[in-house]
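Colleague: I have a new model open and would like to learn how to read it. Could you walk me through it?

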Amino acid sequence: MKEERYNFKFVILSSIGAFALASLFHFLYDWIQVPLLGIFFPVNESVWEHLKLCFYPIVLVWILPWGEFFPRWHKKGEKGCWLLVAFSGAAVSVTVAGITVLTWYYTLFSGFSINGLWVDLLLLWIGIVLGQSLGLYVTWRSFKIYQWIAIFYLLIIAVIFGVLTFYPLRLPVFLSP
């Protein structure tokens, strides 16, 4: 029962943290217009740039503040660094959140002409909560090889965000509405 409370607490607190960071990150580039910051924060209103709001806040909430939680969650006798476990959870969470937001955004916008700030915020919240829940599930079952793959995967995504910020493709997902 105690373990379930930690799990629920982690999902709720980390989701709130990621959502708050995403809200802050949305405006940071407008406030501090340093081109290098464009790697981390949306530089325009395109869907692609807004996927950074799923990526960086989620990675941060998995890696920075949760060192206190992970040692308690490790099973006795289990070896491994909580940070490696956190990367596995972050990789799953980022993927689930991004796919959720993209899928439902395009379904609602293109299929039903439903859009607006409230839709964007709701989709971001749902994506983050689903991502955090599945990310936590994976942390209990990850093997060391997958943890290193997760780190590589997150680095590749960060590099892709950086490159495509400065050299966007000519596709609708990269265009501001």
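Modeller: Gladly! Let's begin with burial: of the 177 residues in the protein chain, 44% are buried. Keep in mind that this is a predicted model.

Colleague: How many helices and strands does the protein chain have?

Modeller: Seven helices and zero strands. Along the sequence the pattern reads α-α-α-α-α-α-α. As for contacts between residues at least 6 apart in sequence, 76% join residues at least 24 apart.

Colleague: Now to helix packing. How are two packed helices described?

Modeller: By two values, the angle between their axes and the distance between the axes. Here, take helix 5 (residues 82-112) and helix 6 (residues 117-139): they pack at about 150°, and their axes lie 7 Å apart. Angles over 145 degrees count as roughly antiparallel, so helix 5 is roughly antiparallel to helix 6.

Colleague: Is the crossing of helix 5 and helix 6 left-handed or right-handed?

Modeller: Right-handed. The contact of helix 5 with helix 6 involves 16 nonpolar, nine polar and one charged residues.

Colleague: Is S113 buried or exposed?

Modeller: The cut-off for exposed is over 50% relative accessible area. S113 has 63% relative accessibility, so it counts as exposed.

Notes: Residues are numbered from 1 along each chain as its sequence is written. This is a predicted model: local features need pLDDT of at least 70, side-chain atom pairs count only at pLDDT 80 or more; totals for chains, interfaces and linings use all residues. Side-chain values use heavy atoms; hydrogens and water are left out. Helices (H or I, at least four residues) and strands (E, at least two) are DSSP runs, numbered from the N terminus. Buried means under 20% relative accessible area, exposed over 50%, partly exposed in between (1.4 Å probe, protein chains only). Contact means heavy atoms within 4.5 Å. Axes are lines fitted to C-alpha atoms, for helices over the stretch in contact, and angles run from 0 to 180 degrees between N-to-C directions. Angles under 35 degrees count as roughly parallel, over 145 as roughly antiparallel, 65 to 115 as roughly perpendicular and the rest as oblique. A crossing is left-handed if the near helix is turned anticlockwise from the far one by less than a right angle, and right-handed if clockwise. Ala, Val, Leu, Ile, Met, Phe, Trp, Tyr, Cys and Pro count as nonpolar, Asp, Glu, Lys and Arg as charged, and the others, Gly among them, as polar.
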